[in-house]
Number of protein chains: 2
Amino acid sequence: MPDVIRAGIVVTGTEVITGRIADANGPWVSERLAELGVEVAHILIVADRPDDLEAALRFLAAEEIDLIVTSGGLGPTADDLTAEVVGRFAGRELVLDPEMEAKVSAIIRAFARQRGWADEEALVASNRKQAMVPVGATALDPIGTAPGLVVPAGEQVVVVLPGPPRELQPMWPVALATPEVRAVLDRATALYGFTMRMFGVPESEVAQSLREIEADGVDLEAVEITTCLRRGEIEIDVRYRDETTAVAAEVRDGLVARHPSETFSLDGETIDEQVATLLRGHRLGLAESCSGGLLAARITDLPGASDYFNGSVVSYSNEAKADLLGVDPALIEARGAVSPEVAEAMAIGALERFGADLAVAITGVAGPGGGSEEKPVGYVCFHARLADGTALARDPVIPGDRSDIRERSALVAMHLLRVLLGGGQELET
Amino acid sequence: MPDVIRAGIVVTGTEVITGRIADANGPWVSERLAELGVEVAHILIVADRPDDLEAALRFLAAEEIDLIVTSGGLGPTADDLTAEVVGRFAGRELVLDPEMEAKVSAIIRAFARQRGWADEEALVASNRKQAMVPVGATALDPIGTAPGLVVPAGEQVVVVLPGPPRELQPMWPVALATPEVRAVLDRATALYGFTMRMFGVPESEVAQSLREIEADGVDLEAVEITTCLRRGEIEIDVRYRDETTAVAAEVRDGLVARHPSETFSLDGETIDEQVATLLRGHRLGLAESCSGGLLAARITDLPGASDYFNGSVVSYSNEAKADLLGVDPALIEARGAVSPEVAEAMAIGALERFGADLAVAITGVAGPGGGSEEKPVGYVCFHARLADGTALARDPVIPGDRSDIRERSALVAMHLLRVLLGGGQELET
């Protein structure tokens, strides 16, 4: 592909490299760059050691990277050294920017007053280093207390952003709008893309389908296809440029033709979003056992859930199934708490108790204990039911550990809801 | 500190660098290496492009890294090139290892038969490249289908591991046991550490306490202290070596003395583990509204929860609060669904309906809509109650967005449970 602009991302922070907190900035910046048609070649995570940071910058410079984005190390403490190291890398001395110093001081003073901190002047003094800017660089107004920087460095441009995602993300469009960054991005060819989602098909079958599509004469090399298993679903991301639009469409159509009932999203919409749309005008009640509230948590994750969600009974004990959902204890005794019959009774109970027109029940063996030969760990019974008695029932054995089985149970229930509400073809599990 | 062994980690995968899936391997390997006293200097994430991977390896070689660990790129497909690139980096030709080929073939055949795949021979052929091993390297038996490698490369040793965490993690101890890796690790000085956890104190106050401890003459530079805000709690990690054991103890004691009621864990034990222990012999019932099932999901995340957890009513609608928990609709009308009085009534209802001896109720405004001047978004009422009427109630305004407020609600409830069950001092919120 022509005119590929390559970027590198450097994430600083000892707490990140030690694995104590997960880095959110690398993936976030990478996604934003991909949307702009920029290829991210490397993400480097380095500790708060100036030599390691400088080595990372020099490595990216040697790798013909056009744009370098750093996150973190802009605070007021001694180990916040990014501005200094980037300045040295760019061969630009740091000087105090009086205008920025005034801005930072004003923020710190307001902050200190709001919190009732006495030692205002000491704070202002300790934050002075945040107003040190490499000569010839553009300082970006702080979102928190730390200004960002755009620093020309020979053939490269370095965008220096603060570590907290709440500061980094709002500063990103400001950095993009600077003439230095725009000059780099203007060289990139626009990249387009779409994301497809499938459920109920192994990744290997999707790989096989792609090989068949290629064998049919579609030039897969002309586009970028990423397939990954993400929380139990297959996500297929296709990126293309103007001249390969037709190839991307052939890939999409070829996959849909081979997996018509497993493909539930062509535009990246998630199952949660689809179910939320389908639930409008309904009243949903849930009855959960092995999923332990995860389905309710998933349904209520989206704002506005109270418009269609009445509630869930997480009936972990048999007594709770009987007392709160009206499941006949004799049925539990006869069939076992994990059985299609009890799942059905739980769904009927949820319909009644919540005054709902739609209910889903889940009961299963999440493990690690509690499995038997007949009902092994991972055996989960689902029953989705409308008030008119229309129902979908499934009882798969879900692979994986306790956490996988619980998460996947909630996912299967989401897809049963989708199918029951007419949002897709019959579900194969 | 003497004898510091430095490591670098290279994570491969286009789906990781594009941010489509979060990398779990870099942080996991980094934590394991830290436990062994190895300093991780760099984590690099690279796409599935051989040139970028080789550049990453050469960068680490130049950075005086003793041990390189790679993850991913060991599969059977064309873009799985790690073994080949590492071989080239180490100057070692790849040759077919007949013993490993037999092992991989046997795994593939068993796999294909189990799944009923017809094209067994094609599969075996396509997996042959997984048995290609650089001359002089040690192949590690596959956990899935891909063998790992330990490859001596000049001054460095490269440990090549598969990408799926389920394969990488069990292979890790096997790699450590190889003579090549042991020789590197034997040069590291043992590193010890402990993790403290606090709740209800801002990170800035902990930083201030550390400055006070330093002013009292404790040499903080002699140990490595990482403080981070993790899911609403402060986690303080202290790493030290034999000769700085006393310093680490002074740090710990100084922090506990300054934050006696906020410190709930000195040994890294999580609030979830503590609550699980405290709940033994009890029967817990929950009543959740704004947390939407997250507290139940958290309680049932640990195996064995059925020993003490009866269930939860996620009563999202007012009708559910009345019908399933027996909350008086007149009380909801008078005080509002989000009120300390309704939280108390929900807890009493949960005690009764679940036949529990302990209950927690949560009702709040998760937002983004639904807030008022009197009850803004983030206002959450908690009521934790024993059957004998002993109770703890709180109604803080929790900062953040919908997701933060929901997660934090479940966390506050966990800490109320801890305090109510005598697992800590009075809680300050």
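**Close-up views of a two-chain predicted model**

**View 1**

**View 2. The pairing of β7 and β8 in chain A.** Strand β7 (residues 148-153) and strand β8 (residues 156-161) of chain A are paired in the antiparallel sense. The pairing extends over 5 bridges. Within this pair of strands, Val150(A) has Val159(A) of β8(A) opposite.

**View 3. The sheet of 12 strands.** Strands of both chains form an open sheet of 12 strands with mixed pairing. The order is β6(A)-β7(A)-β8(A)-β3(A)-β1(A)-β2(A)-β2(B)-β1(B)-β3(B)-β8(B)-β7(B)-β6(B). At the edges stand β6 (138-140) of chain A and β6 (138-140) of chain B. Each has a single partner strand, so one side of each is left without a neighbour in the sheet. On average, and with direction ignored, neighbouring strands of this sheet are turned by 15 degrees against each other.

**View 4. Where the two chains join in the sheet.** Strand β2 (residues 38-46) of chain A pairs with strand β2 (residues 38-46) of chain B. The two run in the antiparallel sense and are paired over 5 bridges. Leu44(A) has Leu44(B) as its bridge partner in β2(B).

**View 5. The contact between chains A and B.** In chain B, 59 residues are in contact with 59 residues of chain A. The side of chain B that touches chain A comprises 29 nonpolar, 18 polar and 12 charged residues.

View 6. In chain B, an open sheet of 4 strands has the order β10-β11-β9-β12, and the pairing is antiparallel. The edge strands are β10 (224-230) and β12 (263-265) of chain B; each has a single partner strand, so one side of each is left without a neighbour in the sheet. From one strand to the next, the twist averages 30 degrees. Strand β9 (residues 192-198) of chain B is paired with β12(B) in the antiparallel sense over 2 bridges. Met198(B) has Thr263(B) as its bridge partner in β12(B). Helix α9 (residues 203-215) of chain B lies across β9, β10 and β11 (233-240) of chain B, and runs at about 165 degrees to β10(B).

**View 7. Two crossing helices in chain B.** Helix α11 (residues 271-279) and helix α16 (residues 402-420) of chain B have axes that come within 10 Å and cross at roughly 40 degrees. The helices α11(B) and α16(B) are therefore oblique to each other. Their crossing is left-handed. On α11(B), the contact is made by Ile271(B), Asp272(B), Gln274(B), Val275(B) and Leu278(B). On α16(B), the contact is made by Met414(B), His415(B), Leu417(B) and Arg418(B). By class, the contact of α11(B) with α16(B) has 5 nonpolar, 2 polar and 2 charged residues.

Terms used. Residues are numbered from 1 along each chain as its sequence is written. Chains are lettered from A and ligands numbered from 1 in the order in which they are written. This is a predicted model: local features need pLDDT of at least 70, side-chain atom pairs count only at pLDDT 80 or more; totals for chains, interfaces and linings use all residues. Axes are lines fitted to C-alpha atoms, for helices over the stretch in contact, and angles run from 0 to 180 degrees between N-to-C directions. Angles under 35 degrees count as roughly parallel, over 145 as roughly antiparallel, 65 to 115 as roughly perpendicular and the rest as oblique. A crossing is left-handed if the near helix is turned anticlockwise from the far one by less than a right angle, and right-handed if clockwise. Two residues are in contact if their C-beta atoms, placed from the backbone, lie within 7 Å. Ala, Val, Leu, Ile, Met, Phe, Trp, Tyr, Cys and Pro count as nonpolar, Asp, Glu, Lys and Arg as charged, and the others, Gly among them, as polar. Two strands pair if DSSP finds at least two bridges between them.
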